[in-house]
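Good morning, and thank you for making time on the agenda.

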Amino acid sequence: MEKEKNNKVVIENLNLFYGEHHALKNINLKIPEGKITAFIGPSGCGKSTCLKSINRMNDLVDNCRIEGKIFISGEDIYDPRTDVTLLRKCAGMVFQTPNPFPMSIFDNVAYGPRIHGIKDKKKLEEIVERSLRGAAIWDDLKDKLKKSAFGLSGGQQQRLCIARALAIEPDIILMDEPTSALDPISTLKIEDLMMELRKKYTVIVVTHNMQQATRIADKTAFFLMGEVIEYSDTDRMFRNPVDKRTEDYITGRFG
Amino acid sequence: MQQIDKTESDVRKNISLYSKRVRKSDVVLKMLIYFSALLTVGFFILLIAYIIVNGAGYISLDFLLSSAESDGLLPIIINTLYVEFFTLIFAIPIGIGAAIYLTQYVKQGKFVKLIRFSTETLAGIPSILFGLFGYAIFCVLFGLGSSIIAGCLTMIICVLPGIIRTTEEALLTVPNSYKNGALALGAGKFRTIFEIVLPCAVPGILTSVILAVGRIMGESAAFLLTIGTGTKMPKEVFSHIFSSGRTLTLHLYYMSGNGSVPDAMKICFAIATILLILIFVLNVLAKLLAKKFIH
C-alpha cells in the first residue's frame with residue numbers, strides 16, 4: 001500500500017481510438033513520483049498519444065474516444081467532475097518543436113500564471129525569475145525579458161518553453177520529444193535540466209532516442225503498435241530485456 | 001542499364017566544362033516575360049499619369065471644401081466617409097466573428113463547405129445585383145428609401161464575403177503549436193482564440209479591412225439603386241444616415257453624364273485623382289500597420 005502511494009500517475013486499462021483506429025491497447029502503467037519515466041518505441045507506436053492522454057490534449061482531436069482510467073494523485077482525470085484547466089495546471093507540457101508565443105520573453109512565461117488569475121506585477125516578476133532560473137536560462141535572458149521570444153536560438157526557445165511550463169507550478173512535466181528538434185549541445189543542456197527537474201517534479205518524457213532514455217530515465221516503457229510491451233527500470237530493460245521484441249528494438253534490429 | 005551509364009560518363013569525360021550554350025528558346029521566353037512585366041507596369045503608370053495630369057490641376061482647397069449644393073465636393077466626401085464608417089462598423093465584427101466560427105469552432109464538414117461555397121459565390125456576384133437586392137429589401141421593404149443607411153446595409157453584404165475569406169485565411173496560418181501551447185497551460189478555448197490566435201492573425205485581418213475600405217470607396221453599382229443622389233451637407237450628425245447622399249464614385253458617374261455643368265470632365269478627373277490618392281494612402285497604411293504587428 002505504501003508503495004502505491006508513491007505512484008503519481010496510474011494508467012488503468014487505457015484504450016484509445018482515433019475513429020476506427022485502435023491507437024492504444026489496454027495500457028497499464030504506474031508512474032512513480034519524483035522520477036523520470038521515458039516512453040520509447042518506433043514512430044506511430046502510441047507513445048506520444050499516451051503522453052497526451054495524461055493532460056487530456058487528445059480531447060482536441062476529432063473522433064478521439066478514450067476508455068479506461070488515468071489517475072493523478074488518486075483522482076481519475078477522465079471523471080466528468082475533472083476541471084481540465086486545473087488538470088493542465090497540474091501537468092505541464094513541453095512540445096516537440098519549441099513553440100514560444102509571439103510575445104516578449106516575459107509575457108511568454110507570465111502567460112500561464114495570468115491565465116490562472118495572477119495579476120500582481122511584482123508576483124509575476126517573481127514567478128518569471130523563478131521559472132527562468134528553474135529552466136537554467138535566467139542568466140542568458142535576464143537582460144532581454146522585453147525582447148521577442150523569436151530572437152532566441154532553438155535550444156533557448158525550448159528552455160523558455162520549459163520555464164513557461166514551470167511557471168504554472170505543475171507537479172508533473174510531460175515532454176513530447178523535447179530535444180528532437182535541437183542540436184547535440186542544446187540537447188545535452190536540456191537533459192541536464194531534466195535531471196535537475198526530477199528533484200522537484202515527476203517527469204514523463206517521450207523520446208526517439210534510446211541513448212537519451214538510458215542517460216536520464218529511471219524507468220522506461222517500451223511501446224509497440226499501441227501496446228506497452230515492457231515497462232521496468234531503465235537499467236534492467238536495456239541490460240536484460242524480458243521480451244524478444246524489446247531486445248530487437250533496443251539492439252537496433254528494427255525501428 | 002549499367003553499360004549505358006558507363007559509356008555516357010565516358011563520353012562526358014571528354015567534354016570541357018566550358019561549353020555553356022545559350023539556347024534561343026530561353027532568350028525568347030525571357031524576352032516575353034520581360035515584355036509582359038513591362039506592359040503591365042506600363043499600363044498602370046500610363047493610367048495613373050493620365051488621370052493625375054488631367055485631374056490634379058483642378059484640385060484646390062476651394063474645390064475640396066466647397067459645400068455649394070450643386071457641385072460642392074465636401075458633402076460628397078462626407079457621404080463617402082459615412083458609408084465607410086457605417087459599413088465597416090458592422091461588417092468587421094460580423095466578418096471576424098464568422099471567420100472565427102468557421103475556423104475554430106464548427107466541425108469541418110458538409111455544413112462548413114456549404115458556407116464556404118456560398119461566401120465564394122457571393123464574392124463573385126456582380127455588385128449591381130446586391131444593389132437590386134438592397135433596393136428591394138432595405139429601401140422598399142424596410143421603408144428606408146434611398147438613403148445612406150440603405151446603401152451601407154447593402155454594402156455590408158457586399159464586403160462580408162471578402163472579410164470572412166481573408167480573415168479565415170489569416171486565422172488558418174496561425175500555427176497550431178501556439179494554440180496547443182496555450183491550451184496545455186490551461187487556457188480555455190475562448191482565451192486561446194482571443195489572446196493567442198487572433199493577435200497573430202492581425203496583419204491578415206488588417207489587410208482584409210483595408211481591402212474592404214478600398215472596395216467601399218470604389219463601389220458604385222451597389223449604391224446606384226440604394227443610396228440616392230443627394231448632395232446636401234448633413235444637418236445633423238446622426239440623422240444624416242437616413243437622407244439620400246451620393247458617394248465620390250457616384251458623383252463621378254453623375255458628373256460625367258451631366259452636360260449642364262461646365263468643366264464636368266475636369267471635375268471627373270479631379271475626383272478620380274482624389275480616389276487614387278486615397279487608395280494609395282490606404283495601401284501604404286495597410287503595409288505599415290501589418291509590419292508593426294509582425295514580430
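**Nonpolar cores and the chain contact**

The largest nonpolar core contains 124 residues, and those with the most contacts inside it are A:Ala163, A:Ile173, A:Leu174, A:Val203, A:Val205 and B:Val159. A core here is a set of buried Ala, Val, Leu, Ile, Met, Phe, Trp, Tyr and Cys residues joined through C-beta atoms within 7 Å; buried requires 20 or more other C-beta atoms within 10 Å, exposed 12 or fewer, and partly exposed lies in between, with C-beta atoms placed from the backbone. Helix H7 of chain B (residues 148–172) gives the most to this core, namely 14 residues. Helices (H or I, at least four residues) and strands (E, at least two) are DSSP runs numbered from the N terminus.

This is a predicted model: local features need pLDDT of at least 70 and side-chain atom pairs 80 or more, while totals for chains, interfaces and linings use all residues. Residues are numbered from 1 along each chain as its sequence is written, and chains are lettered from A and ligands numbered from 1 in the order written.

Beyond four places in sequence, B:Val159 touches B:Thr87, B:Ala91, B:Ala212, B:Arg215 and B:Ile216, contact meaning C-beta atoms, placed from the backbone, within 7 Å.

Turning to the chain contact, 21 residues come from chain A and 15 residues from chain B. On the chain A side, helix H3 (84–90) and helix H4 (105–115) are the elements that give two or more residues.

Finally, A:Asn28 is located in strand E2 (residues 21–32) of chain A. A:Asn28 counts as exposed because it has 12 C-beta neighbours inside 10 Å.

Terms used: Two residues are in contact if their C-beta atoms, placed from the backbone, lie within 7 Å.
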